[in-house]
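Please keep the sequence and the structure in view while reading.

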Amino acid sequence: YTLGPDLDPFLFLRYASEMINGSFNQIDEMRNVPLGFDTSKELQMVSYFIVITYRILNMFGNYSINYAGAFMPVWVFALTIIAFFLFVREIFSRKDKESKTKANLIASIATFFMIVMPAFLSRTVAGIPEKETIAFFFMFLSFFLFLRAWKSEKKVYAYTLGTLAGIVTGLLGLTWGGVSIIYITIAVAGIGAFILNKIKTKEIIVYGLWF
């Protein structure tokens, strides 16, 4: 079922299969022969997501690990759509009702374009268990949680969201090397807010908890 645009999906499938069968070793003897490859240096989150999908699917029937790998991008992208919608809506939302209506409309239009964007389709359709499939979800969720924490007036709520944003960013780091996008974006935004004198005690704590 897998239609990988490159060889990575087949590696993730093999690792997931080994995890399920209990034969996943720290040294992968099929790579860098004859020395092998230290799998602790590989970002294994995609394989873990395939295993999770496999466990869930087999609660309702008898499905192969290959099928789970093909199906995984579909339900993860569904979560990505929700996270992206919430993130865009949070950017444009204000306290008044009219502003919230406009924010929902803008977020809906932006989400539609994201769904049909060719660059996203090549990594989020069934059969392509790639790093970016999961990375997009964690990335948009990180941005949403951090922004919501930053804008929240309730300190306990803000600190909780800031901590969750940090956890999700950490999960992104275990998924994709592009986690640096999060670091750079939030750092630059933080510097801008500091220059504009928008940084108070709450914002400093939120930033620290995320970090």
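Two residues are in contact when heavy atoms of theirs lie within 4.5 Å. In this predicted model, Met45, Val46 and Phe49 of helix H2 meet Lys131, Ile134 and Phe138 of helix H6 in that sense. The points below begin with the overall fold and then turn to the core, the helix packing and individual residues.

**Confidence and overall fold**

- The protein has a mean pLDDT of 91, and 98% of its residues score at least 70.
- Among the elements, helix H7 (residues 155-173) has the highest mean pLDDT, 96, while helix H5 (residues 118-124) has the lowest, 85.
- Nine helices and two strands form the secondary structure, and their order along the sequence is α-β-β-α-α-α-α-α-α-α-α.
- Along the principal axes, the C-alpha atoms fill a box of roughly 55 × 35 × 30 Å.
- The protein has 211 residues, of which 43% are buried.
- Of the contacts with a separation of 6 or more, 65% are between residues 24 or more positions apart.

**The largest nonpolar core**

- The largest nonpolar core comprises 50 residues, and the members that touch the most others are Ile50, Phe138, Met139, Phe140 and Leu172.
- Two or more residues of this core come from each of the helices H1 (8-21), H2 (45-57), H3 (65-92), H4 (97-116), H6 (131-151), H7, H8 (180-195) and H9 (201-210).
- The greatest contribution to this core is that of H6, with 14 residues.
- Beyond its neighbours within four places in sequence, Leu172 contacts Ala135, Phe138, Met139, Val179 and Ile182.
- In soluble globular proteins, nonpolar side chains tend to be buried together.

**Packing of helix H2**

- The axes of H2 and H6 approach within 9 Å and cross at roughly 90 degrees; angles of 65 to 115 degrees count as roughly perpendicular, and H2 and H6 are therefore roughly perpendicular to each other.
- The contact of H2 with H6 consists of five nonpolar residues, one charged residue and no polar residues.
- H2 also packs against H3, at an angle of about 100 degrees and with the axes 8 Å apart, which makes H2 roughly perpendicular to H3.
- On the H2 side, this contact is made by Val46, Phe49, Ile50, Thr53, Tyr54 and Leu57.
- On the H3 side, the contact is made by Ile65, Tyr67, Ala68, Gly69, Phe71, Met72, Trp75 and Val76.
- By class, the contact of H2 with H3 has 12 nonpolar, two polar and no charged residues.

- Thr169 lies in helix H7 and has a relative accessible area of 3%; the cut-off for buried is under 20%, so Thr169 is buried.
- Apart from residues up to four places away in sequence, Thr169 touches Ser142, Val179, Ile182, Tyr183 and Trp210.

**Backbone features in loops**

- The loop between strand E1 (27-28) and strand E2 (37-38) contains Pro34, and the peptide bond from Val33 to Pro34 is cis, with omega near 5 degrees.
- Asn32 is placed in the loop between E1 and E2; Asn32 is not a glycine, yet has a positive phi of about 55 degrees.
- With a relative accessibility of 51%, Asn32 counts as exposed.
- Asn197, in the loop between H8 and H9, likewise is not a glycine and has a positive phi of about 60 degrees.
- The relative accessibility of Asn197 is 55%, and Asn197 therefore counts as exposed.

Conventions. Residues are numbered from 1 along each chain as its sequence is written. This is a predicted model: local features need pLDDT of at least 70, side-chain atom pairs count only at pLDDT 80 or more; totals for chains, interfaces and linings use all residues. Side-chain values use heavy atoms; hydrogens and water are left out. pLDDT is the predictor's confidence in each residue, from 0 to 100. Helices (H or I, at least four residues) and strands (E, at least two) are DSSP runs, numbered from the N terminus. A nonpolar core is a set of buried Ala, Val, Leu, Ile, Met, Phe, Trp, Tyr and Cys residues joined through side-chain atoms within 4.5 Å. Buried means under 20% relative accessible area, exposed over 50%, partly exposed in between (1.4 Å probe, protein chains only). Axes are lines fitted to C-alpha atoms, for helices over the stretch in contact, and angles run from 0 to 180 degrees between N-to-C directions. Angles under 35 degrees count as roughly parallel, over 145 as roughly antiparallel, 65 to 115 as roughly perpendicular and the rest as oblique. Ala, Val, Leu, Ile, Met, Phe, Trp, Tyr, Cys and Pro count as nonpolar, Asp, Glu, Lys and Arg as charged, and the others, Gly among them, as polar.
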